[in-house]
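Notebook open, model loaded. I want to look at the sheet, the helices around it and the pockets.

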Amino acid sequence: MKRTAVAASAVALLLPLSACGGSAEAGSGSTVTVTVGYQSKTINTVTAGTLLRSLGSFEKQLNSLHDGHTYKVDWQDYATGAPITAQMTVGKIDIGSMGDFPLLLNAARGKQLGRPTHLVSVTGYNLRGGLNTVVTAPDSKLATLRDLKGKKVSTSVGSAADGTLVRALRRAGIDPDKGISKLNQQPAVGASALSAGSVDALSQFVAWPGLLAYQGKAKALYDGAQLNLPTFHGVTAREDFAEQHPAVLEAFLKAQEEATDYLNAHPVAAAEKVAQATGLPAEVVYLYNGAHGIATFDPAVKPQLVSALKQDVSVLKAAKLTGDIDVDSFVDDRYVKKALGASYAQRLNASPAPASSEVWPKGSEETISFRSTKELLAYVAGHRNGIRAAYAPDATTGTLWFADKAVWVADGDQLLPFVTPATAQAYVTAHGGARTVSYRAALERAS
């Protein structure tokens with residue numbers, strides 16, 4: 001099987017490298033197909049995938065090149081980054097988007113097989129790591145990460161969610177290899193396993209934890225932001241494609257900038273578009289991609305994200321998924337700098353929007369922000385039948401969560417939300433007089 005894969009790779013290397021995706025001859029004036037691999041349900045990549053596609057921005061940018069070619073975009077949707085990498089290393093995908101750990105595997109496989117790739121831009125990120133969450137069944141007795149010792153946990157090995165799980169277990173004093181029974185499963189399979197009771201917990205990336213919580217099929221056990229380590233998704237391109245078609249790659253990055261600006265200017269409309277394209281509830285999409293969502297979208301390749309990528313290498317090496325990776329040579333921000341021009345420096349220095357409570361009223365195309373969670377609760381209490389969704393940021397990590405799924409703590413006049421029971425209990429322990437209360441009690445206190 002290994003020999004077959006190597007042989008296929010060798011054959012791919014012998015093919016003409018003059019066309020995007022190996023589908024047209026350069027200079028022929030014929031139709032050139034650009035193949036883009038994306039993950040529609042991994043909604044922190046939407047500015048390079050689902051939303052970008054729905055807006056038609058890439059096609060418009062390609063049509064404005066006027067270089068004698070007619071361009072066609074072949075959008076290929078995958079559940080994870082691994083198959084995108086597999087297709088890139090045989091020259092069948094030109095541009096792909098995936099999470100930080102898959103990006104590193106993309107770098108390693110590309111170099112190993114003679115098809116080097118480069119990180120060319122960023123899509124969604126969270127500087128604390130809040131994009132990944134460990135969840136359990138709604139009626140689970142598990143209260144902290146330490147309770148996972150000896151339990152069955154589903155995750156996707158090699159993903160950012162697996163990286164979060166490994167790091168979190170180590171901090172909890174649990175050997176991630178021997179302390180739990182880890183099942184390597186696709187997100188949808190793991191979600192089904194959790195619902196069926198065949199696993200005790202699920203560690204996954206956006207949007208699975210939020211979706212399961214919204215559906216009442218899971219509750220949060222560990223908030224990835226507790227690690228306080230950046231996690232992100234980004235865009236990778238084949239080196240040969242970038243060198244031979246720099247104008248096409250720059251067109252993609254300009255289109256990504258347009259999609260990013262659209263998402264930031266019209267977060268509710270963007271959430272509705274992504275929901276329509278993916279079948280995900282718009283309320284879940286907004287949890288991550290909203291005005292104060294868990295993810296911040298910006299194409300700039302920030303130094304702190306590159307630094308985090310370097311720290312991720314050791315986790316993959318420990319799992320024997322890869323060897324050393326030269327992150328500095330993998331990162332290539334030349335194209336995005338050129339595509340974004342003068343705005344790049346401003347984006348590079350921009351900070352995420354501050355955490356804020358929000359309500360999405362039924363029938364509204366806008367959300368309402370509140371200065372405090374108590375104000376949020378008072379509004380919800382007075383409009384119980386008119387709320388589409390209410391969101392509140394964790395009092396310690398800032399991770400946004402559904403208000404009715406949060407763990408609430410009353411501390412004097414304060415009403416504080418937490419993503420997990422463990423973070424709520426840590427606050428209660430440190431603040432005499434504070435105690436956990438139900439969501440209903442929190443609403444009554446605020447009204």
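In what order do the six strands of the open sheet run, and what is the pairing? I get E2-E1-E3-E10-E4-E11, with mixed pairing. Strands pair here if DSSP finds at least two bridges between them; helices (H or I, at least four residues) and strands (E, at least two) are DSSP runs, numbered from the N terminus.

Ground rules before going on: this is a predicted model, where local features need pLDDT of at least 70, side-chain atom pairs count only at pLDDT 80 or more, and totals for chains, interfaces and linings use all residues. Residues are numbered from 1 along each chain as its sequence is written, and side-chain values use heavy atoms, with hydrogens and water left out.

I found Gly37 opposite Gly96 in E3.

**Helices on the sheet.** H10 lies across E1, E2, E3, E4, E10 and E11, at about 0° to E4. H5 lies across E3, E4 and strand E10 (231-238), at about 130° to E3. Contact means heavy atoms within 4.5 Å; axes are lines fitted to C-alpha atoms, for helices over the stretch in contact, and angles run from 0 to 180 degrees between N-to-C directions.

**Helix pair.** Next I looked up helix H6 (residues 160-171) and helix H13 (residues 303-318): their axes come within 10 Å and cross at roughly 85°. That makes H6 roughly perpendicular to H13 (the class covers 65 to 115 degrees). On the H6 side I see Gly163, Val166, Arg167 and Arg170, and on the H13 side Gln311, Asp312, Val315 and Ala318.

**Pockets.** A pocket is an open set of points on a 1 Å grid over the protein atoms alone, where a 1.4 Å probe fits, with protein on both sides within 12 Å along at least five of seven lines; lining residues have an atom within 4 Å of a point. Of its 32 lining residues, Ala295, Thr296, Ser351, Pro352 and Ala353 are closest to the centre. Elements giving two or more residues to that lining include strand E4 (117-126) and helix H10 (246-265).

Conventions: Angles under 35 degrees count as roughly parallel, over 145 as roughly antiparallel, 65 to 115 as roughly perpendicular and the rest as oblique.
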